Amino acid sequence: MRTIDVLVQGATVELFHFYGVAIAPANTGDSREEVRLHTDPASTVEFTARGFSGFLALSANQGVFRAMTGVPPMVDGVGDWMREVANQLMGKVKSRLARFQIALQAELPQLRHPSDVERRGRSCKQQCCYSFRTLKGEVLVTLSGDFDESSLVFSNASPLPLDGKVILF
């Protein structure tokens, strides 16, 4: 398993556990082609950095979002909340990559139709698909773009504060 795979899977599990949803990576041996297609809507976040550029996409069964604790009521559907969760996931990936001297710049999350995500992913050099299971349905995260794993240089001196640390302005 590659470093980037461990970072993305760990960030996803941690994020959903924070909201009270037990989630686990699906066995890659069980992957089916239809599992790799995002559900509608999918939220994407574009990013750039030295050695890394592309986008992260997230989609989940609506039951997963309804099961999240501490979430405001979703009167108009899950779109806003899906963008927020994708943004938080990108933040967790960004903080983990900072330990490897990668300073990501991330754009604002956007809702996309699954076919747009798939089409855009096919045009990228690499596409990593991470499927997760919960009691309320599946979650899919894809990372598409150009990733140079040789640019990952681990350091204990992270330029970003660790999760849970107070940042004074």
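This is a predicted model: local features need pLDDT of at least 70, side-chain atom pairs count only at pLDDT 80 or more; totals for chains, interfaces and linings use all residues.
## Arg 120 and Glu 46

Arg 120 is partly exposed, with 34% relative accessible area (buried means under 20%, exposed over 50% and partly exposed in between, using a 1.4 Å probe and protein chains only). Its salt-bridge partner is Glu 46, with 3.6 Å between the closest N and O atoms; a salt bridge here is a side-chain nitrogen of Lys or Arg within 4 Å of a carboxyl oxygen of Asp or Glu. This pair links distant parts of the chain, 74 residues apart: Glu 46 sits in strand β2 (residues 42-49) and Arg 120 in helix α4 (residues 114-122). Glu 46 is partly exposed too, at 32%. Helices (H or I, at least four residues) and strands (E, at least two) are DSSP runs, numbered from the N terminus.

Residues are numbered from 1 along each chain as its sequence is written, and side-chain values use heavy atoms, leaving out hydrogens and water.

## Lys 92 and Glu 14

The whole structure holds eight salt bridges. One of them joins Lys 92 to Glu 14, with the closest N and O atoms 2.7 Å apart. Lys 92 lies in helix α3 (residues 79-98) and Glu 14 in helix α1 (residues 3-18), so the pair ties together parts 78 residues apart in sequence. Lys 92 is buried at 15%, whereas Glu 14 is partly exposed at 30%.

## Within helix α4

Arg 119 and Asp 116 form a salt bridge at 2.4 Å between the closest N and O atoms. They are three residues apart in helix α4, so about one helical turn separates them.
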